[in-house]
Amino acid sequence: MNVLFSGNDRVFDGVLTCMLSILKRTAVKEPFCFYVMTMDVSHLKPEYVAISQQRIDYLDMIAKKYNPDNRVIRLDVTEIYNREFASCPNEQCYCSPYTLLRLFLDMIPDIPDKMLYLDVDIMFQRDIALLYNQDVSGYEYAAARDHYGKFLIHPNYINAGVILFNVPLIRQTGLLVKARKLIQTKKMLFADQDAIYRSTTKKKMLPQYFNDQKFLHKHTVVRHFSKRLFYLPYPHTENVKQWQLSRMYRLFGYAQFDDILYEYLYWKGKYEHEIEFEK
């Protein structure tokens with residue numbers, strides 16, 4: 001099973017928590033290959049540095065505790081980004097330029113035919129096989145609706161935080177080629193998401209429980225900790241992530257991920273202790 005993340009050095013906590021949720025909720029014995037797309041664009045912001053190989057090696061060590069054949073692989077796409085998107089209208093998009101990296105999937109050599117892209121602010125409550133084993137033959141990708149976009153933009157407007165790609169078909173149809181062209185030429189509100197949605201030829205719509213962006217139900221497979229609207233005590237938005245433990249427990253009170261987050265704290269503390277010891 002092939003999973004793709006993207007981000008800078010600050011996505012370590014998100015990748016670790018999401019990866020642990022996958023490994024701890026999965027019954028199948030098939031090995032995982034976790035890819036992390038990253039880049040250095042620190043000329044835009046000092047914190048925009050690539051995730052280090054040291055962090056990737058640590059994640060790889062943890063993944064191998066579950067299966068010796070699991071792998072975590074770092075993909076540095078700085079050169080591709082500078083060639084394709086440097087100074088484009090969407091470089092200062094709503095989130096960060098790292099949201100655009102998934103649009104390079106078809107340009108990476110030896111990428112597997114089936115790839116599940118995940119934002120790092122995601123936790124699996126149930127087995128990933130329920131999502132990964134979806135049949136996408138004849139579809140460029142499978143995705144669930146965006147919780148707010150399905151009301152405000154279009155009933156089938158997708159959320160790009162969870163996408164199961166059919167890589168041979170997107171290369172055939174030029175899905176991401178068209179999406180990159182839009183990024184290069186047209187300013188869009190939700191840059192990567194809009195570009196994928198507008199460039200789609202044929203998509204498979206998934207039930208909302210494969211990307212629940214607001215609630216956690218018993219049947220939820222994926223809980224996406226994206227920004228959401230609250231009405232009380234007054235209308236406002238919150239953007240709380242699963243690794244922000246005190247805020248997450250205070251706001252949501254979830255106990256379903258306790259075993260995962262306990263293990264996250266262990267590995268995070270061990271990593272920080274080892275780094276401090278090396279200093």
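Predicted model: local features only at pLDDT ≥ 70, side-chain atom pairs only at ≥ 80, totals over all residues.
Seven strands make up an open sheet of mixed pairing, arranged in the order S3-S2-S1-S4-S7-S6-S8. Its edges are formed by strand S3 (71–76) and strand S8 (203–206), each of which pairs on one side only. From one strand to the next, the twist averages 25°. Within this sheet, strand S1 (residues 2–6) runs parallel to strand S2 (residues 33–38), and the two are paired over 5 bridges. In this pairing, Phe-5 stands opposite Val-36 in S2.

Helices pack on the sheet. Helix H1 lies across S1, S2, S3 and strand S4 (114–118), and its direction makes an angle of about 165° with that of S2. Helix H8 (residues 191–199) also packs on the sheet, where it touches strand S6 (141–145), strand S7 (158–166) and S8. The angle between the directions of H8 and S7 is about 55°.

The nonpolar cores are considered next. In soluble globular proteins, nonpolar side chains tend to be buried together. In the present model, the largest nonpolar core contains 55 residues. The residues with the most contacts inside this core are Phe-5, Leu-16, Met-19, Phe-34, Leu-116, Leu-118 and Phe-124. Helix H1 (residues 12–25) provides the largest share of the core, with 8 residues. When residues up to four places away in sequence are not counted, Met-19 touches Phe-34, Leu-59, Ile-62, Ala-63 and Val-72.

Thr-220 is located in the loop between S8 and strand S9 (222–224). Thr-220 counts as buried because its relative accessibility is 0%, and the cut-off for a buried residue is under 20%. The side chain of Thr-220 makes a polar contact of 2.5 Å with the side chain of Asp-212. The side chain of Thr-220 also reaches the backbone nitrogen of His-217, at 2.8 Å. Leaving aside residues up to four places away in sequence, the residues touched by Thr-220 are Gln-125, Arg-126, Tyr-209, Asp-212 and Phe-215.

Charged pairs complete the description. Side chains of opposite charge can pair when their charged atoms come close. The count of salt bridges in the model comes to 14. One of these joins Lys-268 to Asp-13, with the closest N and O atoms 2.7 Å apart. This pair links distant parts of the chain, 255 residues apart, since Lys-268 belongs to helix H10 (residues 258–278) and Asp-13 to helix H1. Lys-268 is buried, with a relative accessible area of 18%, and Asp-13 is likewise buried, at 12%. Asp-13 and Lys-268 also take part, together with Glu-272, in a network of salt bridges.

A salt bridge also forms between the side chains of Lys-24 and Glu-263, at 2.9 Å from N to O. Because Lys-24 lies in helix H1 and Glu-263 in helix H10, this pair ties together parts that are 239 residues apart in sequence. Lys-24 is partly exposed, with a relative accessible area of 29%, whereas Glu-263 is buried, at 17%. A further salt bridge joins Arg-83 and Glu-84, where the closest N and O atoms are 3.9 Å apart.

How values were computed. Residues numbered from 1 in each chain as written. Heavy atoms only, no water. Core = buried A, V, L, I, M, F, W, Y, C linked by side-chain atoms within 4.5 Å. Buried < 20%, exposed > 50% of the residue type's maximum accessible area, 1.4 Å probe, protein only. Helix = DSSP H or I, 4+ residues; strand = E, 2+ residues; numbered from the N terminus. Contact = heavy atoms within 4.5 Å. Pairing = 2+ DSSP bridges. Axes fitted to C-alpha atoms, helices over the stretch in contact; angles between N-to-C directions. Polar contact = N/O pair within 3.5 Å; in protein donor to acceptor, adjacent residues only side chain to side chain. Salt bridge = Lys/Arg side-chain N within 4 Å of Asp/Glu carboxyl O.
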